[in-house]
Amino acid sequence: MSTPQVFNAGPPIGVGGSHPTVTLVEASTFCLSDQLGDIHPGTAQGLFFRDARVVSRWELRVDGQRAEQLTVLTPEAFAARFVLRMPPRPGLADSTLLIVRRRMIGEGMKETISIHNLGREDTAVSLSLHVAADFADLFAVKDGRGHPGGAETSVSGQELHIADHTDPGRGLIVSGTGEPIVAPGALNWRAVVPAHGQWQARVIAEPVIAHRRVPLACDEESPGHRLRAWRATATDLSSTDPGLAHILRHTESDLGALRIEDRGDGLSAYVAAGAPWFMTLFGRDSLLTSWMSLLLDSDLAVGTLRQLAKLQGTTVDPLTEEEPGRIMHEMRRGPAGHQVLGGNVYYGSVDATPLFVMLLGECRRWGAEEQVVRELLPAADAALSWIDHFGDADGDGLVEYHRKTDRGLANQGWKDSFDGINDAEGQVAQAPIALCEVQGYVYAARMARAEIAEADGESMLADRLRQQAAEGKRRFTEAFWIPERGWYAVALDRDKRQLDSLTSNIAHLLWTGIVDDDHAALIVQRLADQDMDCGFGLRTLSASMGAFNPMSYHNGSVWPHDTAIAVAGLMRYRHIPGAVDLAERLSDGLLDAALAFDGRPPELFCGFPRTQFHSPVPYPTSCSPQAWASAAPLLLVRSMLGLDVDVPRGQLKLAPKLPRRWGRLILTDLRLGAHTLSIEAEGEAMKVHGLPQDWTLID
């Protein structure tokens, strides 16, 4: 099998060609279909299970015809109802046959097909469900390549069996009720639907792994049951503003579906990066999503940290870029994952390692059990050791990256497309590259570990880490600040030359706290410029830069998580003139964009100015739901609430500056360690219920 030149980099191909796509997700399973519910061969559509496409064709025909779409309803991220009708018969204005396909995915797929006869006479219909599986690896589908092995189809009783030629232990079993006639490649029914009555059949697609059928979960383990159980423990967020309330409901549903639960390894649930191509653990994505989601479920962050610690690098491997202490970039379990990644885990990320330490410190502040913090401290210290040695290979006090082989990611920060890092003229950076935001993450990581050390009575360690952070901040400021422009360079290249483009990366610096107030004031002004704020969020690259393209992946588009981090940074520097006003403006724009996407912000959208197009323009291959995009509204809420927590010290900081349009915001059952609180806020007013008597409320 051929392998791509680099690992999982840049935007994927389009999913459905000319067919609008419906995406369903549940943990590591996802399904892409058209709006009729059909999965078309020759496209990137399919049912994907454990990083392999187990269904590549799933097309329903009634009397040999495609149905006509009426609507699609998606009550949860893992379920859909495709409401269709048969085309009217020749000479008739209306159809009398309603077709409803109710689909739910889990470890497989279940679909109930209902035919409703709205006419006055009984009617005979024939149905055919055409099914195929190619077992293509997710990487091959994402990159627009095929699967060379093929599949073998056979019939066993009332079941259709499909086996992968390349791996006979991998397969699919399809069965149905309603006494179907099963043939290789199809299930067929003939039915008489009574007048004003209905006919129904249920079809189940079950993957086969290592020659064993993976059954769909029973009711107690079904996606709906698991989501309800999780909701019972998560914070309930609501608003009197219908728009914000709608967005928060979508956020909760999507993050619930993106949770991957413990499969017997004793660890907590963690969060996948997003659909359709990233339904697995990602270092950077899962860490940032977990941080943003602390307001909803702090256990998600603990589970993510535990999983990443389990996979932390222990040896030096140039092919996978593993190094001792390094936090992984992504994990894959598909049939070609080992060939593409050099192993099942790839480590080519420069920012996941400091983000790991940052999140551990934040989890402790949010009430993670002391035992859990103790358990994860060795991984945090190993991560800091990686930063000091492998991350700073040339010893200049800055963390750089340089891929180890020509198959690795050329850019290893969050803007990981090949042209994502460039100067004001548009010239692409040459590695080794030191990213500005990574220096901020390293600063925050050292400060977070110092706080833990101080709480443990390790004052010498705390002092050393704070001195190291202060020295890193000094070196960073000297190397990155561009006085004549009034912003930080996005990066330093191999010659330590400043890449002077104006980017959203500098907003991450505000979030980490590495910026002095005098520089912060200038950054606020630059971010507020219309070249950066398109009206729906913060552009990744200023419109005044040479590489700007509002339709690019990283050079002028808007990423909701990026804008949310900018808002968090601005509110951290709320004492700087203009910071709060810009935070509110960016929040309003991003929420308007989310509503334009029916409450579900996508991975990214185009960065055209709002004055040119009154609605955000979709990016063609944007993923949705994407975990950190789904979590972005939660970070907006936390930031505008001015909410900060220190459970070990018994402190709750709350300084709301809610936009007027939000109305009254209500947080119920917010779990902070062993305590449960409720918060109501409107404008700058607030009420807190359930605050322990020995706690301090800081406003």
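User: At what angle do helices α9 and α11 pack, and how far apart are their axes?

Analyst: Helix α9 (residues 436-455) and α11 pack at about 10°, with 8 Å between their axes. α9 therefore counts as roughly parallel to α11: the cut-off for that is an angle under 35 degrees, while over 145 is roughly antiparallel, 65 to 115 roughly perpendicular and the rest oblique. The axes are lines fitted to C-alpha atoms, for helices over the stretch in contact, and the angles run from 0 to 180 degrees between N-to-C directions. One caveat on the model: it is predicted, with local features needing pLDDT of at least 70 and side-chain atom pairs counting only at pLDDT 80 or more, whereas totals for chains, interfaces and linings use all residues. Residues are numbered from 1 along each chain as its sequence is written, and side-chain values use heavy atoms, leaving out hydrogens and water.

User: Which residues of α9 and α11 meet?

Analyst: On the α9 side you have Cys436, Glu437, Gly440, Tyr441, Tyr443 and Ala444, and they meet Asn505, Ile506, His508, Leu509, Trp511 and Thr512 of α11. Contact here means heavy atoms within 4.5 Å. The residues of this contact divide into seven nonpolar, four polar and one charged.

User: What makes you call α11 mostly covered?

Analyst: Eight of the eight residues of α11 (505-512) are buried. Buried means under 20% relative accessible area, exposed over 50%, and partly exposed in between, using a 1.4 Å probe and protein chains only. His508 and Trp511 are among the buried ones. After α11 comes Gly513, with a positive phi near 85°. Helices here are DSSP runs of H or I with at least four residues, strands are runs of E with at least two, and numbering goes from the N terminus.

User: How do you know that the side chain of Ser128 makes a polar contact, and with which side chain?

Analyst: The side chain of Ser128 has the side chain of Asn188 as its partner at 2.8 Å. A polar contact is a pair of N or O atoms within 3.5 Å; within protein, one must be able to donate a hydrogen and the other to accept it, and residues adjacent in sequence count only if both atoms are side-chain atoms.

User: What is the strand order in the open sheet with β10?

Analyst: The four strands run β5-β10-β15-β14, with antiparallel pairing. β5 (57-62) and β14 (181-183) are the edge strands, as each pairs on one side only. The twist averages 15° from one strand to the next. Two strands pair if DSSP finds at least two bridges between them. β14 and β15 (residues 186-193) are joined by three bridges, and Ala186 in β15 is the bridge partner of Ala183.

User: Why are β23 and β27 said to stand at the edges?

Analyst: In the open sheet β23-β26-β27, the pairing is antiparallel. β23 (434-435) and β27 (498-499) each have a single partner strand, so one side of each is left without a neighbour in the sheet. β26 (residues 491-492) and β27 pair over two bridges, with Leu499 as the bridge partner of Ala491.

User: What joins β30 to β18 and to β31?

Analyst: Four bridges join β18 (residues 236-239) to β30 (residues 665-672), running antiparallel; Leu237 has Leu667 as its bridge partner. β30 also pairs with β31 (residues 675-682) over six bridges, again antiparallel. β30 and β31 form a hairpin with two residues between them, and Gly673 in the turn has a positive phi of about 65°.

Methods
Ala, Val, Leu, Ile, Met, Phe, Trp, Tyr, Cys and Pro count as nonpolar, Asp, Glu, Lys and Arg as charged, and the others, Gly among them, as polar.
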